[in-house]
Amino acid sequence: MTQPTSRLAIQEIVASGIDKAHRDTIYDALFSIQYGNTTDIANACNMPSDKVHKRLAELEKEGRIFNTGLRKR
């Protein structure tokens, strides 16, 4: 269960549009590099990996990206 303060923080982030801006930045970075893991994408958009990881799940739910199953060598 989410704590009340966490819920308030989430509501503020959503209301401010920061979450959408982050998703758009990550999407653009991924489009630019074509494929990569969370660290690659985080480096490409200059964001922390933990934030990228969370937004990737949201982008996948939105249908904007999908997991190819490819792994780096």
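Me: What counts as a helix here, and which pattern does the protein follow along the sequence?
Reply: Helices are DSSP runs (H or I) of at least four residues, numbered from the N terminus. This is a predicted model, by the way. There are four helices and zero strands in it. Read along the sequence, then, the pattern is α-α-α-α.

Me: How many residues does the protein have, and what percentage of them is buried?
Reply: To count as buried, a residue needs under 20% relative accessible area. The protein has 73 residues, and the buried share of them is 19%.

Me: Is Tyr27 buried, partly exposed or exposed?
Reply: Tyr27 sits in helix α2, which runs over residues 18-33. Its relative accessible area is 27%.

Me: Which residue lies over the face of Tyr27?
Reply: Leaving out residues up to four places away in sequence, Tyr27 touches Leu59, Arg64 and Ile65. One of these also lies over the face of the Tyr27 ring, at 4.6 Å from the ring centre. That residue is Arg64.

Me: And how many aromatic pairs are there?
Reply: For a pair, the centres of two rings have to lie within 6.5 Å. By that rule, the count is zero.

Me: Which helix gives the largest share of the lining of the largest pocket?
Reply: About 720 Å³ of space lies in this pocket, and 22 residues line it. Gly36, Ile41, Phe66, Asn67 and Thr68 lie nearest its centre. Helices α2, α3 (38-45) and α4 (49-62) each supply at least two lining residues. The largest share, four residues, comes from α4.

Me: Where does Gln34 lie, and is it buried or exposed?
Reply: Gln34 has a phi near 75°, a positive value in a residue other than glycine. Most residues other than glycine have a negative phi. Gln34 lies in the loop between α2 and α3. Its relative accessible area is 56%, and exposed means over 50%, so Gln34 is exposed.

Me: What about Asn46: where does it lie, and is it buried or exposed?
Reply: Asn46 is not a glycine, yet its phi is positive, at about 55°. You'll find Asn46 in the loop between α3 and α4. Its relative accessibility is 72%, and over 50% is the mark to pass, so Asn46 counts as exposed.

Me: What is the accessible surface of the protein, and what percentage of it belongs to carbon and sulfur atoms?
Reply: The whole accessible surface comes to about 5800 Å². Of that, the part belonging to carbon and sulfur atoms is 54%.

Note on methods
Residues numbered from 1 in each chain as written. Predicted model: local features only at pLDDT ≥ 70, side-chain atom pairs only at ≥ 80, totals over all residues. Heavy atoms only, no water. Buried < 20%, exposed > 50% of the residue type's maximum accessible area, 1.4 Å probe, protein only. Contact = heavy atoms within 4.5 Å. Areas by Shrake-Rupley, 256 points an atom, 1.4 Å probe, with all protein chains shown as cover. Phe/Tyr/Trp six-rings, centres within 6.5 Å; stacked < 30°, edge-to-face > 60°. Lys NZ or Arg CZ within 6 Å of the ring centre and 35° of its normal. 1 Å grid on protein atoms, 1.4 Å probe; cavity = no way out; pocket = protein on both sides within 12 Å on 5 of 7 lines; lining within 4 Å. Points joined across faces, edges and corners; volume = space filled by probe spheres on them.
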